[in-house]
Amino acid sequence: MTQATVQTGKHLLGLKGMSETELASILDRAAYWEHAPEKVTPLLTGKFIANMFFENSTRTRFSFEVAEKRLGAQVLNFAAAVSSVQKGESIYDTVKTLESMGIDAGIIRLKPNGVLQHLANHVRIPLINAGDGSNEHPTQALLDLYTMRKQFGAIRGLSVSIIGDIEHSRVARSNLWALQAMGAKVRLCAPENMRAPELADYAPYVSIDEALDADVVMMLRVQLERHEHGLISTPEEYREHYGMTVERALKLAPHTIIMHPAPINRGVEIDDELVEHEKSRIFAQMANGVPIRMAVVERALA
Ligand code: CP
């Protein structure tokens, strides 16, 4: 079991610009926590952490809560839907309110892009990004890299295809930055109207058939709630052209794994039969979210 340490006392706003050494130190520390003999440790006794979700979540919110409790922290859960946000209070005033009550760190999920950096500039506590707009979802990408490293032993040299609604995907962006920093080859695949043109400067867009030739195929959720105009004509048509169908899965190399950050639109970006298929690592990704978030919370506070 590795005894790697992580740098502490810092925001985690995104993975763009993070070094391979720092990324690896977080993955190493997650491996330590995954194999820790005790389920709960008193490392963060006396620390108060607020999970501030201004947008819905299941996996990220609950795995942060499990991670915080396993580290011995006191956990406060804020949900915008039942808060004074409904009376018109701003994100900024909400975060400053919780900070004034003495929390030691904040986990924050936001719908708009660009707000997180402003908040980080105006609070004294470390903030951890739990997904902001279409910008970044750093802990999702970290757990994805952790899943890949467990599968293949290393990230360097891997070929990873990210397929689907790239334009709206913070998961795609965080994975792109981290995978490239750690030496993986990334390719993107998306319908014309779901591409993020600026990302073509970093990774090529390829056809779905080319994308299947990879060590990892990462399917993305079609983010219907972020589509201002209908970007897909029908779910059936999207599945036919860009979905991981059973037929396409048969074309994958024997060693290739299928990933998806979830939640899943079964029968749209991935066929129902593949979600728990032996090639799928979808539920392993969720399990890996806990040790990754333990490492990240420790990095912020310990
Ligand atoms: N992958 C992910 O972020 O899931 P949630 O939206 O449920 O947190």
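The text below takes the ligand site first, then a loop, then the helices.

The model is predicted; local features need pLDDT of at least 70, side-chain atom pairs count only at pLDDT 80 or more, and totals for chains, interfaces and linings use all residues. Residues are numbered from 1 along each chain as its sequence is written, and side-chain values use heavy atoms, with hydrogens and water left out.

Around the ligand (a heavy atom within 4 Å) are Ser57, Thr58, Arg59, Thr60, Arg109, His137, Gln140, Pro261, Ala262 and Pro263. By class, this shell has 3 nonpolar, 5 polar and 2 charged residues. Here Ala, Val, Leu, Ile, Met, Phe, Trp, Tyr, Cys and Pro count as nonpolar, Asp, Glu, Lys and Arg as charged, and the others, Gly among them, as polar.

| Side chain | Distance to a ligand oxygen atom |
|---|---|
| Ser57 | 2.6 Å |
| Arg109 | 2.9 Å |
| His137 | 2.9 Å |

On its own the ligand has 260 Å² of accessible area (Shrake-Rupley method, 1.4 Å probe), and the protein covers 91% of that area.

Ala262 lies in the loop between β8 and α10, and Pro263 is in the loop between β8 (257-259) and α10 (272-275). Helices (H or I, at least four residues) and strands (E, at least two) are DSSP runs, numbered from the N terminus. A cis peptide bond with omega of about 5° joins Ala262 and Pro263. Ala262 also has a positive phi, about 65°, although it is not a glycine. Most residues other than glycine have a negative phi, and most peptide bonds are trans.

Helices α1 (residues 20-34) and α5 (residues 138-152) pack at about 70°, with axes 10 Å apart. They are therefore roughly perpendicular to each other (65 to 115 degrees). Contacting residues (heavy atoms within 4.5 Å) include Leu23 and Ile26 in α1 and Leu142 and Tyr146 in α5. The residues of this contact divide into 9 nonpolar, no polar and 4 charged.

Definitions and conventions:
Axes are lines fitted to C-alpha atoms, for helices over the stretch in contact, and angles run from 0 to 180 degrees between N-to-C directions. Angles under 35 degrees count as roughly parallel, over 145 as roughly antiparallel, 65 to 115 as roughly perpendicular and the rest as oblique. A polar contact is a pair of N or O atoms within 3.5 Å; within protein, one must be able to donate a hydrogen and the other to accept it, and residues adjacent in sequence count only if both atoms are side-chain atoms.
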